[in-house]
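Okay, everyone, thanks for coming. Let me put the thing up on the screen and then walk you through it.

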Amino acid sequence: MKHPNAFKTIAACARPCLAGALFLAASLPAAAHVTLEYQVANAGSYYKGTFKVGHGCGSSPVKQIVVTIPAGVQGAKPMPKAGWTLEVTREKLAQPRQDHGKTITEEVARISWTAKTPADYLQDDWYDEFVLQAKLPAKAGMLYWPVLQVCEGGKVDWAEVPKPGQKLSELKNPAAALELMPTDGGGEHNH
């Protein structure tokens with residue numbers, strides 16, 4: 001049994017739905033921000049943070065990425081990238097800590113990758129990743145990693161943190177978010 005009008009009815013109903021979906025997509029903030037590849041980790045664990053950069057500043061290519069290390073993150077170490085120089089900025093700790101029998105008096109505060117030449121810039125049409133490893137804080141909860149994206153013509157500071165009750169998706173320039181899950185108290189020495 002054929003229903004010739006069924007296809008016309010479905011098509012007529014689909015048009016407003018498609019138009020509504022397109023309007024909604026256009027009104028949402030851009031999802032193409034700097035994000036972490038793995039957005040959940042165990043509190044107190046060692047973590048490989050891979051920051052995904054999927055675009056430049058408008059059409060301008062990226063020449064520098066600066067990651068600010070959140071409070072409580074320890075021993076951050078960047079992965080080198082061919083064509084990019086590394087700069088690690090350390091700050092004195094208010095209270096020194098012990099690590100493997102050694103007194104630590106300063107901690108990494110920022111890591112920056114800077115393209116060596118314009119030929120090394122991350123073009124707007126390309127995608128790349130910037131990687132570091134570090135020990136995460138022992139307390140469960142959300143951890144936000146501000147990332148400054150410096151381009152040939154301008155910059156974007158991905159540093160906004162949601163207020164209580166606000167969603168990350170509501171922010172124009174959200175910081176990269178990592179949810180720290182509670183651990184069962186098992187072995188933490190996993191590096």
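When I say buried, I mean under 20% relative accessible area; exposed is over 50%, and partly exposed is in between, with a 1.4 Å probe and protein chains only. Keep in mind that this is a predicted model, so local features need pLDDT of at least 70 and side-chain atom pairs count only at pLDDT 80 or more, while totals for chains, interfaces and linings use all residues. Residues are numbered from 1 along each chain as its sequence is written, and side-chain values use heavy atoms, with hydrogens and water left out.

Let's start with the aromatics. Rings of Phe, Tyr and Trp (the six-membered ring for Trp) pair if their centres lie within 6.5 Å; planes under 30 degrees apart are stacked, over 60 edge-to-face, and the rest tilted. How many aromatic pairs does the structure hold? Three. Take Phe 51 and Trp 145: the ring centres are 5.7 Å apart and the planes sit at 70°, so that pair is edge-to-face. Phe 51 is in strand E3 (residues 46-53) and Trp 145 in strand E9 (residues 141-145), so to speak a link between distant parts of the chain, 94 residues apart. A quick word on labels: strands (E, at least two residues) and helices (H or I, at least four) are DSSP runs, numbered from the N terminus. Phe 51 is buried at 1% relative accessibility, and Trp 145 is buried too, at 0%.

Then there's Trp 84 with Phe 130, also an edge-to-face pair, 5.2 Å centre to centre with 80° between the planes. Trp 84 belongs to strand E6 and Phe 130 to strand E8, 46 residues apart. Buried or exposed, Trp 84 and Phe 130? Both are buried.

The charged end of Lys 81 sits over the Phe 130 ring, 4.9 Å from the ring centre. For that call, NZ of Lys or CZ of Arg has to be within 6 Å of the ring centre and within 35 degrees of the ring normal.

Lys 81 takes us to the salt bridges. The rule is a side-chain nitrogen of Lys or Arg within 4 Å of a carboxyl oxygen of Asp or Glu, and that gives three of them here. Lys 81 bridges to Asp 128, 2.9 Å from N to O. Asp 128 is in E8 (residues 128-135), and Lys 81 is in the loop between strand E5 (74-78) and E6 (84-99), 47 residues apart. Lys 81 counts as buried because its relative accessibility is 17%, whereas Asp 128, at 22%, counts as partly exposed.

Now E6 and strand E7. Arg 97 and Glu 107 meet in a salt bridge at 2.6 Å, N to O. Arg 97 is in E6 and Glu 107 in E7, ten residues apart. Arg 97 is buried at 16%, and Glu 107 is buried at 10%. What about Arg 110 and Glu 91? Their side chains form a salt bridge as well, 3.5 Å from N to O. Arg 110 lies in E7 (residues 102-115) and Glu 91 in E6, so this one ties together parts 19 residues apart in sequence.

On to the sheet. Four strands form an open sheet in the order E1-E3-E8-E5, with antiparallel pairing; strands pair if DSSP finds at least two bridges between them. Strand E1 (35-36) and E5 are the edges, each pairing on one side only. E5 and E8 run antiparallel and are joined by three bridges, and Pro 78 stands opposite Leu 132 in E8.

Leu 132 brings me to the core. A nonpolar core is a set of buried Ala, Val, Leu, Ile, Met, Phe, Trp, Tyr and Cys residues joined through side-chain atoms within 4.5 Å. The largest one has 34 residues, and Phe 51, Val 67, Ile 69, Leu 132, Trp 145 and Leu 178 touch the most other members. Which strand gives the most to this core? E7, with four residues.

Last, back to Phe 51. Not counting residues up to four places away in sequence, Phe 51 touches several residues, including Val 34, Asp 128, Phe 130, Leu 132 and Trp 145; contact here means heavy atoms within 4.5 Å.
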